[in-house]
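User: I have this chain open and would like to go through it piece by piece. Could you walk me through it, starting with a single residue?

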Amino acid sequence: MAYILIVDDDEMVAEMACEILMDAGHAFGWVVDGSAALKLLEWRRPDLLLLDQDMPGLTGAKVLRTIRTSPRLYDLPVIMFTAITGAEDEQQALYSGAQDYVRKPFDAKFLTWKVDHVLRTRADRPKHLDLKDLLIRQASLREENLTSARRVL
């Protein structure tokens, strides 16, 4: 079971996604705009963010850019979903850092498959580290490797 935050200004779409995810065994939260999503993310980190690309005010694209530049949220998995069609929109979402993209209206099995796929691909990764801690760990590993290499020489 994963905790999934849904960010969508369309009540019908969000309720449908909630029902699908609940039937698939996931827990969820739902907010109606990008600002509310960022406020909630300060308080609790979900396992996955299902983010509408086109919302009034703070758009999903802007929320995604904020997440990708955050030391705490940089590695949060995101699936963008939208009613906008066109390969350019999908490419923009993926280029901005989304792990996947789902077009609305969506099929229940397809949405469940996409969510499970993203969660599965992230399951073997180490537990989240703040960006600062990750960089310190990587520097330490590099130093250990250099020390080992010097001993061999």
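User: Where is Gln 53 found?

Analyst: Gln 53 is found in the loop between β3 (48–52) and α3, where helices (H or I, at least four residues) and strands (E, at least two) are DSSP runs, numbered from the N terminus. Before going further, please note that this is a predicted model, in which local features need pLDDT of at least 70 and side-chain atom pairs count only at pLDDT 80 or more, while totals for chains, interfaces and linings use all residues. Residues are numbered from 1 along each chain as its sequence is written, and side-chain values use heavy atoms, with hydrogens and water left out.

User: Does Gln 53 count as buried or exposed?

Analyst: Gln 53 counts as buried because its relative accessibility is 10%; buried means under 20% relative accessible area, exposed over 50%, and partly exposed in between (1.4 Å probe, protein chains only).

User: And which residues does Gln 53 touch?

Analyst: Not counting residues up to four places away in sequence, Gln 53 touches Thr 59, Gly 60, Ala 61, Met 80, Phe 81, Thr 82, Asp 89, Ala 93 and Tyr 101, where contact means heavy atoms within 4.5 Å.

User: OK, zooming out: how many helices and strands does the protein chain have?

Analyst: The protein chain has 6 helices and 5 strands, and from the N terminus on its elements run β-α-β-α-β-α-β-α-β-α-α. The C-alpha trace spans about 65 × 35 × 30 Å along its principal axes.

User: What percentage of the 153 residues count as buried?

Analyst: Of the 153 residues of the protein chain, 40% count as buried. The accessible surface of the chain comes to about 9200 Å², of which 55% belongs to carbon and sulfur atoms; such areas come from the Shrake-Rupley method with a 1.4 Å probe, and for residues only the protein chains shown count as cover.

User: What about contacts in the protein chain between residues at least 6 apart in sequence?

Analyst: Among those contacts, 62% join residues at least 24 apart.

User: Now helix packing. How do the axes of α2 and α3 cross?

Analyst: The axes of helix α2 (residues 34–43) and helix α3 (residues 60–68) come within 9 Å and cross at roughly 25°. Axes here are lines fitted to C-alpha atoms, for helices over the stretch in contact, and angles run from 0 to 180 degrees between N-to-C directions. The two helices α2 and α3 are therefore roughly parallel to each other, given that angles under 35 degrees count as roughly parallel, over 145 as roughly antiparallel, 65 to 115 as roughly perpendicular and the rest as oblique.

User: Which residues make that contact between α2 and α3?

Analyst: From α2 the contact uses Gly 34, Leu 38 and Leu 41, and from α3 it uses Val 63, Thr 66 and Ile 67. By class, the contact of α2 with α3 has 4 nonpolar, 2 polar and no charged residues; Ala, Val, Leu, Ile, Met, Phe, Trp, Tyr, Cys and Pro count as nonpolar, Asp, Glu, Lys and Arg as charged, and the others, Gly among them, as polar.

User: And at what angle do α1 and α5 pack?

Analyst: Helix α1 (residues 11–23) and α5 pack at an angle of about 65°, with their axes 10 Å apart, and α1 and α5 are therefore roughly perpendicular to each other.

User: Which residues meet there, in α1 and in α5?

Analyst: Ala 17, Ile 20 and Leu 21 in α1 meet Ala 108, Leu 111, Thr 112 and Val 115 in α5. The residues of the contact of α1 with α5 divide into 6 nonpolar, 1 polar and no charged.

User: Staying with α5, is Lys 109 buried or exposed?

Analyst: Lys 109, which has its place in helix α5, is exposed, with a relative accessible area of 70%. The C-alpha atoms of Lys 109 and Ala 24 are separated by 9.4 Å, and these two residues are 85 residues apart along the chain.

User: Which peptide bond is cis?

Analyst: The peptide bond from Lys 104 to Pro 105 is cis, with omega near -5°, and Pro 105 is found in the loop between β5 (100–103) and α5 (108–123).

User: Last topic, helix α6. Where do Leu 141 and Arg 150 lie, and how do they count?

Analyst: Leu 141 is found in helix α6 (residues 131–152) and counts as partly exposed at 44% relative accessibility. Arg 150 also lies in helix α6 and is exposed, with a relative accessible area of 57%. The C-alpha atoms of Arg 150 and Thr 121, 29 residues apart along the chain, are separated by 36 Å.
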